[in-house]
Every structure is written in C-alpha cells, then in structure tokens.
Amino acid sequence: MATPASTRTPVIIDTDPGVDDVLALLLALASPELEVLAIIISFGNTDRSSSHLNVLKTYQALARHVAQFPEDASRFPGLTPQRKTILALGVDRPLEGEIHSAQYFHGRDGLGDITTRHPDLDYNDANTADHPQLDIVATPGVKVALELIKSEPARTISYLALGPLTNLATLLRLDRDAVCSRLGRVVCMGGALDVPGNTTAVAEFNFFADPFAVKELLVPSDPGHAFPLERFVLLPLDITTPHELSFPHYKAAVDPAFESTASPSRPEGKAPLVHFTSSFLERTREIMVGFGKDAMELHDIAAVWCAIANPPVKDEDEGALPALSAGWKAAQRKLGELTRGMLVVDRRDDQGAYAPGSNRAEVQAELERHHFPHAGAYESTAVPAPVEVESPPAVTNQDATTQKGGVPCITQTPGSEALVQLLLERVWGVRA
C-alpha cells in the first residue's frame with residue numbers, strides 16, 4: 001500500500017557517494033516513508049565531482065531497470081516524486097585543515113573504479129538540464145538546504161548526514177536561528193565511541209574528514225546557541241558495524257554470478273540494477289576480505305533506516321532523549337576534548353582488541369563475570385598508576401552511557417537481520 005504524501009518524512013540527504021552511500025540512497029528512493037527533497041554532495045569518500053557523478057549513475061541504473069522491468073517502478077517511489085529531487089554541490093573541503101578521502105576503500109571514482117572496469121555504467125549525458133527525476137542546480141547546496149528548511153513546515157524535515165559534517169556546520173553558520181528553530185531532526189552516521197576507528201586507531205572516517213565541523217556541532221563553544229541535541233541522533237561505528245550484508249548472502253539472494261573483479265559482472269541476463277550494484281560491490285568484497293570479513297558493513301544504510309523508522313517529533317523535550325520507535329534505543333553521551341595526555345593505543349590489529357561494534361564496558365563485565373583467564377591486564381582490570389591532579393574529580397552516580405545531557409547515540413536497533421531483509425526486499429525485490 002502506498003504511503004500518503006502527507007505522512008511521508010521530507011529528507012535532505014547530505015552525502016559523499018561512496019559505496020555504502022549509494023546503497024543508502026537506493027534504500028531511501030525505495031522507501032515510501034521518505035520524500036527526498038534534495039541530495040547535497042560533499043567531499044569525503046572521493047572528490048566532490050566524482051560523488052556528484054555517482055548520484056547520476058545511480059539514477060541512470062534505476063531508469064534502465066524500470067525501463068526493462070516496468071512492474072518494478074512502484075518499488076521506487078522516489079523515482080516519481082511530486083516534485084523533482086534537487087541535486088546540488090555542497091562543500092569541497094573541511095572547515096579547516098587538509099582534505100582527506102577514503103579512495104583506498106571506495107576507489108578513485110567512489111564506486112570501486114567502475115569507471116574503468118565497467119564503462120557501460122558511466123554517465124555521459126551532457127544535457128543534465130532536462131533530467132527526468134532530478135533538478136540539477138548551480139545554487140550552492142547549503143543555500144538549497146536552507147531554502148527548504150525555511151519553506152517546509154517547521155520541524156518536519158530530517159537531515160541525513162552520511163558524510164563529513166561540513167555542509168551542516170556551514171548551514172548553521174549561514175542562518176543558525178532558522179536551522180535551530182525549524183529543522184526537525186538530524187540523523188548522522190559518524191564517530192566511534194567504545195570501538196576502534198576505521199580510519200585511524202580511534203577515528204571514524206566522516207568525523208576524521210572534518211573534526212572542526214564535529215566540534216562546532218557537538219561540542220560548541222556557546223551551547224546556548226547550538227543545534228538542540230534532543231533533535232540530533234548519532235549512529236557511531238559502535239552500532240553500525242554489526243549491521244552487515246554478507247557477500248555469500250548477496251550472491252545467493254541477489255546475483256548468483258557475483259564474485260569479484262577477477263570475474264567481473266556482465267550485463268547480459270541480469271537486471272540493470274543488479275549489474276550496477278554487483279559491479280561496484282565486487283571490488284568492495286575484495287577489500288573487505290582483505291580485512292578478514294566477507295561482508296559489507298551497512299553504515300550509511302543503517303542511518304537511512306533510522307530516519308525511516310524515526311521521523312521528527314515536533315515538540316521534543318529540551319535536553320531529553322529523542323523519541324524513538326519500538327526496537328530503537330539511544331543513550332546520551334557527553335563528548336569533548338578530553339584527550340590531553342591520553343596514550344592512544346591502536347587496538348585494530350591487537351589480539352586483545354574488542355570486536356568491532358562491541359561495547360568495551362559490556363565485554364569487560366562479561367569477561368569478569370565468567371572469570372575469564374587472560375594474559376596481561378585488560379583496560380577495566382588494570383591498576384592505574386598514582387597521579388597528581390590539579391583538582392578533585394567530579395563525583396557522579398551516573399554511568400557514562402546514561403548521563404543526562406550530551407549527544408543522543410543509538411545503542412539498539414531491531415537488528416542486523418531486519419535491516420538486511422528490508423534492504424533486500426526494497427532495493428532488489430528479494431522476499432524472504
């Protein structure tokens with residue numbers, strides 16, 4: 001049954017496509033709960049121009065698919081919106097510092113180098129002014145987003161931040177009052193709290209790409225004029241990493257011919273959308289297998305899922321946790337520049353490292369409960385060296401994961417299996 005337009009959540013997708021960003025975009029376009037008002041392109045996984053082109057490649061693949069299988073058109077309500085989705089260029093560099101990319105993972109073109117391996121998937125149409133689904137504009141992305149926030153009913157738009165937070169920070173600089181008073185909710189994929197980073201020992205890529213934007217938004221110098229955190233929902237690596245689509249499962253359910261770049265996807269006998277996704281996932285598979293996992297981690301896809309399940313609530317209680325649907329939970333975490341003098345240990349290749357996605361405190365509690373024997377001292381059982389301090393530490397009865405105030409971080413979802421099934425059903429039409 002179609003979702004009435006009046007009940008759909010209008011969303012602005014701020015993204016840097018990117019392999020998982022493209023899957024996230026496909027899920028958004030296949031979700032009747034969402035109305036994609038605009039796609040704002042950021043630097044990040046690759047350069048801004050390549051990311052912009054990847055959105056056009058995605059829409060091209062969908063158009064080819066629907067042309068060949070018109071019965072699937074209803075599966076992608078985002079392809080036939082009441083108004084065209086705006087595609088605009090956002091920022092091309094962080095607020096400060098050098099530009100960093102994730103081309104080591106996503107390839108130079110952002111999609112596993114399909115530009116050279118699968119030229120049939122290139123987008124070569126120079127006439128973008130007449131695009132059937134997209135309104136491709138020259139207006140800067142942050143201005144596009146601001147106009148939408150001002151023109152749509154207050155507190156109805158969800159802003160999906162799937163890349164660096166630079167666009168959003170710039171948006172607040174442009175008109176802080178309008179953004180703070182009218183934007184309904186921010187759903188952000190970024191950061192690593194109690195797990196190792198995926199870019200450095202402690203940093204997740206989106207936050208690493210522009211930590212200055214993160215600081216302005218989440219650790220502002222003037223909290224009284226900051227974006228209200230009760231309307232900010234963070235999905236860090238802690239919660240996104242355990243959500244994954246195994247490549248053997250993808251092969252069995254979606255594309256029996258799927259392998260790797262050694263046996264590249266061929267369009268003959270395949271649905272166009274399947275050929276498109278297999279063509280960029282084959283390189284992703286090789287990289288992930290090199291990391292020891294034959295699966296795709298669904299980081300940005302989990303954020304879109306969160307936005308689907310948890311639309312904005314017009315009147316959130318100040319300082320409280322955001323209202324979430326059944327099966328979803330969050331906890332407030334206080335963030336800040338608390339690392340002076342900290343010894344940062346790279347636990348990613350350490351045999352004693354915590355599994356990706358695990359909560360360090362919970363793992364330690366479980367180890368201690370079972371009297372698990374181990375060599376050496378783990379973090380929570382190590383005896384700290386005596387130190388001199390300038391002032392006594394604050395005494396609190398609140399655990400770090402339940403303290404009042406701070407950034408709301410998703411700690412529970414309905415589970416990886418539920419997300420995988422939703423993705424398979426909506427994007428590829430595969431039912432259990």
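## The largest cavity

The largest cavity has a volume of about 30 Å³, a volume being the space filled by probe spheres set on grid points that are joined across faces, edges and corners. A cavity is, on a 1 Å grid over the protein atoms alone, a set of points where a 1.4 Å probe fits but cannot get out. The count comes to one cavity of 30 Å³ or more.

The largest cavity is lined by Arg 8, Leu 29, Glu 35, Val 36, Gly 78, Pro 81 and Thr 85; lining residues have an atom within 4 Å of a point. This lining divides into three nonpolar, two polar and two charged residues. Leu, Val and Pro count among the nonpolar types, Glu and Arg among the charged, and Gly among the polar.

## Basis of the model

This is a predicted model, in which local features need pLDDT of at least 70 and side-chain atom pairs count only at pLDDT 80 or more, while totals for chains, interfaces and linings use all residues. Residues are numbered from 1 along each chain as its sequence is written, and side-chain values use heavy atoms, with hydrogens and water left out.

## His 299 and helix H13

His 299 lies in helix H13 (residues 299-309); helices are DSSP runs (H or I, at least four residues) numbered from the N terminus. In H13, ten of the eleven residues are buried, among them Trp 305 and Cys 306. Buried means under 20% relative accessible area (1.4 Å probe, protein chains only). His 299 counts as buried because its relative accessibility is 9%.

The side chains of His 299 and Glu 297 are joined by a polar contact of 2.9 Å. A polar contact is a pair of N or O atoms within 3.5 Å, where, within protein, one must be able to donate a hydrogen and the other to accept it, and residues adjacent in sequence count only if both atoms are side-chain atoms. Leaving aside neighbours within four places in sequence, His 299 is in contact (heavy atoms within 4.5 Å) with Asp 20, Met 189, Leu 237, Thr 240 and Thr 241.

Note on methods. On a 1 Å grid over the protein atoms alone, a cavity is a set of points where a 1.4 Å probe fits but cannot get out, and a pocket is an open set with protein on both sides within 12 Å along at least five of seven lines; lining residues have an atom within 4 Å of a point. Helices (H or I, at least four residues) and strands (E, at least two) are DSSP runs, numbered from the N terminus. Buried means under 20% relative accessible area, exposed over 50%, partly exposed in between (1.4 Å probe, protein chains only).
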